[in-house]
Amino acid sequence: MGCDGLQKFLSEIPVECSSNAHCLGCRYGDMCSNIAESFNSWIKEAKRMPIATLVNWIRLKIMEQMSTRKSKGATYKGFICLRLEKKVLASIRAGVQWRITKSGDMEWEVFDGKHTHAVNIAKFQCSCRVWFTEQFPCDHAIACMHSNNINVYEYINLYFSIASFRASYDRPIKPIPDYEKPTDVSTGDLVNPPTVVGKKHGRPKKKRIPNTGSASFKRPITCGNCHTQAHHNKTTCPHPPAKK
């Protein structure tokens, strides 16, 4: 804050690019980079391998995961997964205490104790915009459906269905035998790794650079020497008191 032109810069950014409430896209409830963090942790033990070995290691891991989740999906029963089923039941329990007033055909007004929301089930809309951004009925919509004996599952996106989960892991990754190694078409020789020209000085980095979202937050502390909030204490203070 305080930089010249900052207000002008922020005012020129479209609102849909800086606010979830005005976002025109649908992210199905995923608003973070946890999938990237999980993948980096998943391949942590193989990061030091050569590129060909690393890719083959990832292939085997994904192959095993696809098979495991395919077996897991075969045990599911109902329309949606158990985690989402619990979410629907929690929304029903919360909506019992709300004031739900019918306005018209498939349209209601819901007061949840803090705010008043407009729900239109026919248009898959709620003024809280959770239904739009997550593509899953919000608490207000589910409460309206339950109070009027409407089947909630008819208004849940097929993306969240058990059938979609099974279809995601229905086609397994086929094994790749190594009897025939790839050869160079022009020379007929085996394909070797590329020649690295030049080598960087120093020891190679083993830890990746974290992004701003995953970086640990350091809480400022009050130094007992200079009595200011900083990231040092009395022992490591850069302004020690003069020796007597």
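This is a predicted model: local features need pLDDT of at least 70, side-chain atom pairs count only at pLDDT 80 or more; totals for chains, interfaces and linings use all residues.
**Entry 1: the strands**

I found that strand 3 and strand 4 pair in the antiparallel sense, over two bridges. Valine 119 has cysteine 126 of strand 4 as its bridge partner. I then turned to strand 2, residues 107-111, and noted that it pairs with strand 3, again in the antiparallel sense, over five bridges. Here glutamate 109 stands opposite alanine 118 of strand 3.

**Entry 2**

Which residue takes a positive phi in the hairpin of strand 2 and strand 3? I identified glycine 113, with a phi near 100°, in a hairpin that has four residues between the strands. The hairpin of strand 3 and strand 4 also has four residues between the strands, and there phenylalanine 124 takes the positive phi, near 55°. Most residues other than glycine have a negative phi.

I recorded a further case in glutamine 135, which is not a glycine and has a positive phi near 60°. Glutamine 135 lies in the loop between helix 5 and helix 6. With a relative accessible area of 21%, glutamine 135 is partly exposed.

**Entry 3: aromatic pairs**

How many aromatic pairs does a search of the whole structure find? The search gives eight. I examined the pair of tyrosine 76 and phenylalanine 165, whose ring centres are 5.4 Å apart; the planes stand at 50°, so the pair is tilted. This pair links distant parts of the chain, 89 residues apart. Tyrosine 76 is in the loop between helix 3 (51-74) and helix 4 (82-95), whereas phenylalanine 165 belongs to helix 7 (residues 162-168).

Is phenylalanine 165 buried or exposed? Its relative accessible area is 19%; the limit for buried is under 20%, so phenylalanine 165 is buried. I also noted that ring pairs join Tyr76, Phe165 and Tyr169 into a cluster.

Phenylalanine 124 and tyrosine 155 form another aromatic pair, which is tilted, with 5.6 Å from centre to centre and 50° between the planes. This pair too links distant parts of the chain, 31 residues apart. Phenylalanine 124 is in the loop between strand 3 (116-120) and strand 4 (125-126), and tyrosine 155 is in the loop between helix 6 (139-147) and helix 7. I compared the exposure of the two partners: phenylalanine 124 is partly exposed at 41% relative accessibility, whereas tyrosine 155 is buried at 16%.

**Entry 4: salt bridges**

How many salt bridges does the count come to? I recorded three.

In one of them, glutamate 12 joins lysine 8, and their closest N and O atoms are 2.5 Å apart. Both residues lie in helix 1, four residues apart, which is about one turn of the helix. Glutamate 12 is exposed, at 52% relative accessibility, and lysine 8 is exposed as well, at 54%.

Lysine 87 and glutamate 134 meet in a salt bridge of 3.3 Å, N to O. The two residues are 47 apart, with lysine 87 in helix 4 and glutamate 134 in helix 5 (residues 130-134), and the pair links distant parts of the chain. Lysine 87 is partly exposed, at 34%, as is glutamate 134, at 24%.

Arginine 99 and glutamate 109 form a salt bridge of 3.7 Å, N to O. Arginine 99 lies in strand 1 (residues 99-104) and glutamate 109 in strand 2, so the pair ties together parts 10 residues apart in sequence. I listed arginine 99 as partly exposed, at 45%, and glutamate 109 as partly exposed, at 36%.

**Entry 5: a nonpolar patch**

Which residues form a nonpolar patch on the surface? I noted Phe9, Leu10 and Ile13, which together have about 270 Å² of accessible area. Isoleucine 13 is placed in the loop between helix 1 (6-12) and helix 2 (34-42). At 30% relative accessibility, isoleucine 13 counts as partly exposed.

How values were computed:
Residues are numbered from 1 along each chain as its sequence is written. Side-chain values use heavy atoms; hydrogens and water are left out. Rings of Phe, Tyr and Trp (its six-membered ring) pair if their centres lie within 6.5 Å; planes under 30 degrees apart count as stacked, over 60 as edge-to-face and the rest as tilted. Buried means under 20% relative accessible area, exposed over 50%, partly exposed in between (1.4 Å probe, protein chains only). Patches are made of residues with over 30% relative accessible area and no salt bridge: like charges are joined within 9 Å, nonpolar side chains (Val, Leu, Ile, Met, Phe, Trp, Tyr) within 5 Å. Accessible areas come from the Shrake-Rupley method with a 1.4 Å probe; for residues, only the protein chains shown count as cover. A salt bridge is a side-chain nitrogen of Lys or Arg within 4 Å of a carboxyl oxygen of Asp or Glu. Two strands pair if DSSP finds at least two bridges between them.
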